[in-house]
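Here are my notes on this model, as numbered points. Please read them with the structure open.

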Amino acid sequence: MTSHPEHKASSSVSPLDASRLKIEKNPKAGTPPPPEQLVFGKTFTDHMLTVPWTMEGGWGEPKIQPYAPLAFEPSSIVFHYAPTLFEGLKAYKDPKGNVRLFRPDLNAARLNRSADRLSLPTLDGDQLVQLLKKIVEIDSNWVPDKEGYSLYVRPALIGTQASLGVGATTEALLFVIMSPVGPYYSSGVKPVALEANPDRVRAWPGGTGDAKIGANYGPCILPQREAAKKGYQQNLWLFGDEHYLTEVGTMNLFVVLKLDNDTWEVVTPPLNGMILPGVTRASVLDLLRDHEKGQSTLPNLPKIKVSEREIKMQELLQAEKNGNLVEVFGAGTAAVISPVDRIGYMGKDIHVPVTDSGFGPVADEVLKRVSAIQWGKVEHPWSVPVKD
């Protein structure tokens with residue numbers, strides 16, 4: 001993996017170095033709850049990883065220590081100007097009991113891009129992956145040993161300088177916490193209804209929509225609550241006078257259109273600066289392109305044309321009218337694939353087909369293939385063992 005250049009790098013600044021890791025075991029290690037009792041993001045493992053950074057010295061000593069509160073000055077820059085970013089990935093237990101991560105190199109690369117956008121320190125992605133492997137290994141008993149369950153891994157990077165001045169932070173903290181989670185569809189697949197409200201905008205050209213930063217998420221809560229009052233579970237984010245489709249909730253968007261009796265087009269908005277480059281998005285595109293080329297076909301699907309292009313609401317309306325709208329779904333770490341069955345737009349609903357499974361045909365096949373890779377049911381380079 002190509003490493004990102006260090007923030008303010010010089011010969012006197014220390015790079016992130018996994019070989020310096022110190023481990024302090026938790027003397028009060030707990031017992032993971034039964035998988036059936038898990039609620040997403042509410043239960044945390046025994047340990048966390050912390051790595052401090054200063055502009056003068058670079059990255060300090062990585063430390064795995066007991067999960068505990070963090071202490072900062074009230075004047076810490078993170079509380080006032082939001083230099084904070086995060087990543088999300090999962091650890092899975094394969095049929096032989098081995099623990100695996102799914103494409104952690106892509107998360108490390110995206111973390112660096114987000115850090116660069118916020119003038120936070122960047123790091124060596126390979127070293128970060130080594131640290132992620134180690135903390136997951138130490139808390140491997142927290143990886144649920146049950147079909148559909150996993151361990152959610154949350155790296156975060158924040159500016160910690162005590163200052164009310166607006167500028168690049170001179171101090172930062174990288175930390176990693178982890179939470180065992182259940183399957184997203186624990187009570188069966190329920191396609192979501194979306195509200196496409198052009199008055200609400202998630203991202204814009206030249207903004208931060210392509211970075212995974214905290215400031216992109218908080219402002220989306222109110223529009224989601226407003227959509228819920230109207231009977232919609234999430235937002236379909238639009239942009240511009242042409243009402244271009246961008247993302248669905250906190251997920252990347254895919255639209256499947258029928259071109260003719262033999263071919264479907266799978267459309268996702270391009271990485272134009274407004275779209276988060278999701279790891280699941282990349283994986284879906286890779287699998288569909290393999291199918292398109294005939295290299296590794298997905299069962300029960302016709303010919304596929306994969307398109308990263310702009311798509312407007314008017315095209316979606318026309319596709320529904322002509323009977324050419326096959327399906328709509330979101331893709332992200334938490335749900336992997338989330339099917340859509342209804343979109344509210346300008347006072348009317350667009351009805352999106354789903355099959356008896358709750359998914360559309362493309363989403364169903366992609367989810368099966370991605371899940372098989374994540375849980376190590378098939379050998380694949382995307383599935384990375386925690387123990388080398």
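1. Contact here means heavy atoms within 4.5 Å. The model is predicted. With that cut-off, and leaving aside neighbours within four places in sequence, Asn-216 is in contact with Arg-202, Thr-208, Gly-209 and Ala-211. Asn-216 sits in the loop between β10 (192-196) and α4 (221-229). Is Asn-216 buried or exposed? Its relative accessibility is 9%, so Asn-216 counts as buried. Thr-250 is 34 residues away from Asn-216 in sequence, yet their C-alpha atoms are 9.4 Å apart in space.

2. Look next at Lys-212. The loop between β10 and α4 holds this residue too. An unreviewed UniProt entry annotates Lys-212 as "modified residue: N6-(pyridoxal phosphate)lysine". Such annotations may be inferred rather than shown by experiment. Lys-212 has 11% relative accessibility and therefore counts as buried. Which residues does Lys-212 touch, not counting those up to four places away in sequence? They are Leu-85, Phe-86, Glu-87, Gly-88, Arg-110, Ser-114, Tyr-217 and Leu-276.

3. Now the largest pocket. Its volume is about 960 Å³. The lining of this pocket takes in 37 residues. Tyr-217, Gly-249, Thr-250, Met-251 and Ala-334 lie nearest the centre. Tyr-217 is also one of the residues that Lys-212 touches. Which elements each supply at least two residues of the lining? They are β8 (150-159), β10, α4, β11 (234-239), β12 (244-248), β13, α5 and β16.

4. The structure also holds 1 cavity of 30 Å³ or more. The largest cavity has a volume of about 80 Å³. Its lining consists of Gly-88, Leu-89, Lys-90, Tyr-92, Phe-102, Asn-107, Val-279, Thr-280, Gly-332, Thr-333, Val-336 and Gln-374. Two or more lining residues come from each of β6 (89-93) and α5. β6 gives the most, with 3 residues. Gly-88, part of this lining, is also touched by Lys-212.

5. Ser-283 belongs to helix α5 (residues 279-293). Where does Ser-283 fall on the accessibility scale? Its relative accessibility is 0%, so Ser-283 counts as buried. Leaving aside neighbours within four places in sequence, Ser-283 is in contact with Phe-102, Arg-103 and Trp-382.

6. Pro-385 is in strand β19 (residues 383-385). Its relative accessible area is 33%, so Pro-385 is partly exposed. Not counting residues up to four places away in sequence, Pro-385 touches Val-99, Arg-100 and Lys-133. Pro-385 and Tyr-92 are 293 residues apart in sequence, but 9.4 Å apart from C-alpha to C-alpha.

7. Turn to the nonpolar cores. The largest has 54 residues, and Met-313, Ile-337, Ile-343 and Val-362 touch the most other members. What does Met-313 touch, not counting residues up to four places away in sequence? The list is Ala-196, Leu-236, Leu-238, Glu-242, His-243, Leu-245, Ile-343, Tyr-345 and Ile-350. A second, separate core has 38 residues, including Leu-120, Trp-142, Ala-172 and Met-178. In soluble globular proteins, nonpolar side chains tend to be buried together.

8. Last, the aromatic pairs. How many are there? The count comes to 7 aromatic pairs. In one of them, the ring centres of Phe-72 and Phe-79 are 6.4 Å apart and the planes meet at 70 degrees, so the pair is edge-to-face. Phe-72 is partly exposed, at 29% relative accessibility. The rings of Phe-254 and Phe-329 have centres 5.1 Å apart and planes at 5 degrees, so this pair is stacked. Phe-254 lies in strand β13 (residues 251-258) and Phe-329 in strand β16 (residues 325-332), so the pair ties together parts that are 75 residues apart in sequence. Both Phe-254 and Phe-329 are buried. Strands β13 and β16 also supply residues to the lining of the largest pocket.

Note on methods: Residues numbered from 1 in each chain as written. Heavy atoms only, no water. Core = buried A, V, L, I, M, F, W, Y, C linked by side-chain atoms within 4.5 Å. Buried < 20%, exposed > 50% of the residue type's maximum accessible area, 1.4 Å probe, protein only. Phe/Tyr/Trp six-rings, centres within 6.5 Å; stacked < 30°, edge-to-face > 60°. Helix = DSSP H or I, 4+ residues; strand = E, 2+ residues; numbered from the N terminus. 1 Å grid on protein atoms, 1.4 Å probe; cavity = no way out; pocket = protein on both sides within 12 Å on 5 of 7 lines; lining within 4 Å. Points joined across faces, edges and corners; volume = space filled by probe spheres on them.
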